[in-house]
Amino acid sequence: MISTVGAFSQATVAAIAAEPAGPMDADSERLYAITPDAEAREFAGGVRVRVVRAGWFRPDAGGFFGVVPKPLWSRLVEADERGRILCRLNLLLVESVGKRLLVETGTGERMRDKDRDIKGIEGGNPAVALQAVDVDPDTIDFVIVSHLHYDHAGGMVGADGRPLFARARYVVQRDEAAAARGDELRLQGIMETEQLELVRAAGQLAEVHGDVEVVPGVTVIPTGGHTRGSQAVMIGQAASAQENGVAERAVFFGDLIPTRWQLPVRWTSAFDDYPVEAVEVRHRLLTRVVDDGWWCYFTHDPGALPVQLERTEKGAIAVRASTRGV
Ligand SMILES: [Zn+2]
């Protein structure tokens with residue numbers, strides 16, 4: 001059962017706001033950044049994770065917060081004069097058993113200027129972002145794409161139509177690929193179908209179905225909710241976590257929970273295709289995250305990552321620990 005406390009309450013907002021998400025001024029921050037090597041986090045099984053900041057975008061606040069009334073969300077984040085909020089394009093650089101994985105590809109640079117302006121995109125090309133922080137895109141073995149919306153899959157291929165990561169296999173849930181190719185009117189023009197097909201034509205698409213361990217300690221799990229085939233990423237090997245008695249694991253939610261502001265499970269976005277399912281899955285996943293002390297990475301959060309969560313006295317879920325990070 002989902003607690004009735006904290007659906008749209010002031011207490012929920014207070015709990016989230018207790019941990020500020022960080023500076024909300026794009027001008028004062030570097031466009032591209034990476035967690036310093038010495039501060040990379042290591043999870044069970046020796047899986048190392050760094051956050052790569054690949055630029056900014058500004059989604060429409062009303063769409064982003066969906067069912068949540070403005071008097072509540074506006075206590076957490078300020079909208080600009082066009083009604084947009086400043087969000088990060090966060091990628092993860094994950095290393096395990098000598099393999100390198102990139103989680104998400106940002107917006108890329110194939111959008112029309114008008115669309116980039118409406119969405120307030122700065123940067124967004126994942127290969128440029130990696131090069132800016134001295135990571136060679138050709139060293140990436142796998143690219144995990146949480147779902148096929150523009151701000152996650154837009155950087156799968158470059159302006160020339162070739163995959164930006166020449167050696168990588170691109171991991172996408174089969175259900176997501178099917179939705180992108182399907183005939184649902186809501187999805188027309190929203191999914192990065194053309195890029196998906198270019199990756200497939202290059203022989204670099206790995207359509208997966210269900211929970212799949214891509215490399216030891218890095219597992220994709222379908223969540224649905226946000227889109228039909230959305231997937232989250234579990235980081236850290238379960239077996240070694242149990243041996244140590246330590247649960248040093250982490251989860252990357254994709255847009256199922258895009259920032260810490262969406263920790264209340266009912267705070268669904270207008271971009272969630274299956275909001276009823278999203279609430280249920282978020283509740284199940286967050287319960288495990290809190291109970292087992294997993295670290296959390298958010299795909300659009302401007303604050304320091306990762307964070308751990310806790311349940312407040314009033315039953316809301318809130319960020320627990322401040323962490324250093326980019
Ligand atoms: Zn997104």
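Here is a friendly chat about a predicted model of one protein chain.

Q: Hi! To start, how many helices and strands does the chain have?
A: Hello! There are ten helices and 16 strands in the chain. Keep in mind that this is a predicted model.

Q: OK, and what is the mean pLDDT of the chain?
A: The mean is 91, and 88% of the residues reach 70 or more. Residues 1-5 are another matter, with a pLDDT below 50. That stretch has six contacts in the model beyond near neighbours in sequence.

Q: How should I treat places where pLDDT is low?
A: Where pLDDT is low, the predicted coordinates should not be read in detail.

Q: Got it. What share of the residues is buried?
A: Of the 326 residues in the chain, 49% are buried. As for contacts with a separation of 6 or more, 71% are between residues 24 or more positions apart.

Q: Which residues have the most contacts inside the largest nonpolar core?
A: Those are Val143, Ile144, Val233, Ile235 and Val251, in a core of 85 residues. Strand β3 (residues 47-57) gives the most to this core, with seven residues. As background, nonpolar side chains in soluble globular proteins tend to be buried together.

Q: Let me pick Val233. What does Val233 touch?
A: Leaving out residues up to four places away in sequence, Val233 touches Val103, Ile144, Val218, Val220, Val251 and Phe252.

Q: Back to strands. Why is β4 described as largely enclosed?
A: Ten of the ten residues of β4 (residues 87-96) are buried, so the rest of the structure largely encloses this strand. Cys87, Leu89, Leu91, Leu93 and Glu95 are buried on one side.

Q: Are β3 and β4 parallel or antiparallel, and over how many bridges do they pair?
A: They are antiparallel, with eight bridges.

Q: Switching topic: in what order do the strands of the seven-stranded open sheet come?
A: The order is β10-β11-β12-β13-β14-β15-β16, and the pairing is mixed. The edge strands, β10 (212-215) and β16 (317-319), each pair on one side only. Neighbouring strands are turned by 35° against each other on average, direction ignored.

Q: Which helix packs on the sheet?
A: That is α10 (residues 275-292), which touches β13 (250-252), β14 (295-297), β15 (307-311) and β16. The direction of α10 makes about 100° with that of β15.

Q: Last one: which residues of α8 are buried?
A: In α8 (residues 193-201), Gln195, Leu196 and Val199 are buried. Seen down the helix axis, the buried residues of α8 fall within an arc of 105°, so they line one face of the helix.

Q: What covers them?
A: The cover includes α6 (150-153), β8 (169-173), α7 (174-181) and β9 (205-208). After α8 comes Gly203, which has a positive phi near 75°.

Methods: Residues numbered from 1 in each chain as written. Predicted model: local features only at pLDDT ≥ 70, side-chain atom pairs only at ≥ 80, totals over all residues. Buried ≥ 20, exposed ≤ 12 C-beta atoms within 10 Å, placed from the backbone. Helix = DSSP H or I, 4+ residues; strand = E, 2+ residues; numbered from the N terminus. Arc of directions from axis to C-beta. Contact = placed C-beta atoms within 7 Å. Core = buried A, V, L, I, M, F, W, Y, C linked by C-beta atoms within 7 Å. pLDDT = per-residue confidence, 0-100. Pairing = 2+ DSSP bridges. Axes fitted to C-alpha atoms, helices over the stretch in contact; angles between N-to-C directions.
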